[in-house]
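Keep the structure open beside the text.

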Amino acid sequence: MNEPPKLIKQQLCDAIARALGVPRDPLGPGSKEHLWFLQAIAKALDLSDEGGKHDLVQRILGRLGQPWDGSCISTGDTVTGIAFERI
């Protein structure tokens, strides 16, 4: 599966924010999500919000019964749109 473009990743993040009632994350340069957004998702799912982005997304996906694999990891301590599709 190819990485979704920034617009699609933003739409995925917006849908997650609406579904979980967390603040919207305007993605940064390079389609980079903010740590606080992943922490808010974790809290909304009654998970610990401690750790880095990869740790958080791995726990979030585990809670949702979705796989965490290499397609979820991006350079620069970010996660891919694929990971957000799984959320």
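Trp 36 has a relative accessibility of 36%, so Trp 36 counts as partly exposed. Here buried means under 20% relative accessible area, exposed means over 50%, and partly exposed is in between, with a 1.4 Å probe and protein chains only. The model is predicted: local features need pLDDT of at least 70, side-chain atom pairs count only at pLDDT 80 or more, and totals for chains, interfaces and linings use all residues. Residues are numbered from 1 along each chain as its sequence is written, and side-chain values use heavy atoms, with hydrogens and water left out.

Start with the rings. A pair of aromatic rings is described by the distance of the centres and the angle of the planes. Rings of Phe, Tyr and Trp (its six-membered ring) pair if their centres lie within 6.5 Å; planes under 30 degrees apart count as stacked, over 60 as edge-to-face and the rest as tilted. How many aromatic pairs does the structure hold? There are two. Phe 37 is buried, at 0% relative accessibility. The rings of Phe 37 and Phe 84 also pair, with centres 6.3 Å apart and planes at 35 degrees, so this pair is tilted. Phe 37 lies in helix α2 and Phe 84 in helix α4, so the pair ties together parts that are 47 residues apart in sequence. Phe 84 is buried too, at 2% relative accessibility. Together, ring pairs link Trp 36, Phe 37 and Phe 84 into a cluster. Helices (H or I, at least four residues) and strands (E, at least two) are DSSP runs, numbered from the N terminus.

Now move to helix α3, residues 53-63. Which of its residues are buried? They are Lys 53, Leu 56, Val 57, Ile 60 and Leu 61. Down the axis of α3, these buried residues fall within an arc of 125 degrees, so they line one face of the helix. The arc is that of the directions from the helix axis to the C-beta atoms. An α-helix has 3.6 residues a turn, so residues three or four places apart point the same way. The buried residues of α3 pack against α2 (35-44), β2 (78-79) and α4 (81-86). Asp 55 also lies in α3, but Asp 55 is partly exposed, with a relative accessible area of 41%. Its C-alpha is 9.9 Å from that of Leu 38, a residue 17 places away in sequence. After α3 comes Gly 65, with a positive phi near 75 degrees.

How do α2 and α3 meet? Their axes are 10 Å apart, and the helices pack at an angle of about 25 degrees. Axes are lines fitted to C-alpha atoms, for helices over the stretch in contact, and angles run from 0 to 180 degrees between N-to-C directions. The two helices are therefore roughly parallel to each other. Angles under 35 degrees count as roughly parallel, over 145 as roughly antiparallel, 65 to 115 as roughly perpendicular and the rest as oblique. Contact means heavy atoms within 4.5 Å. Ala 40 is another residue of α2. Ala 40 is buried, with a relative accessible area of 15%. The C-alpha atoms of Ala 40 and Ala 17 are 9.0 Å apart, although 23 residues separate them along the chain.

Most residues other than glycine have a negative phi, and most peptide bonds are trans. Ser 31 has a positive phi, near 65 degrees. Ser 31 sits in the loop between α1 (6-20) and α2 and is buried, at 11% relative accessibility. Asp 77 also has a positive phi, near 55 degrees. Asp 77 lies in the loop between β1 (73-74) and β2. Asp 77 counts as partly exposed, at 43% relative accessibility. Thr 78 is in strand β2 and is buried, with a relative accessible area of 8%. Leaving aside neighbours within four places in sequence, Thr 78 is in contact with Lys 32, Glu 33, Lys 53, His 54, Cys 72 and Ile 73.
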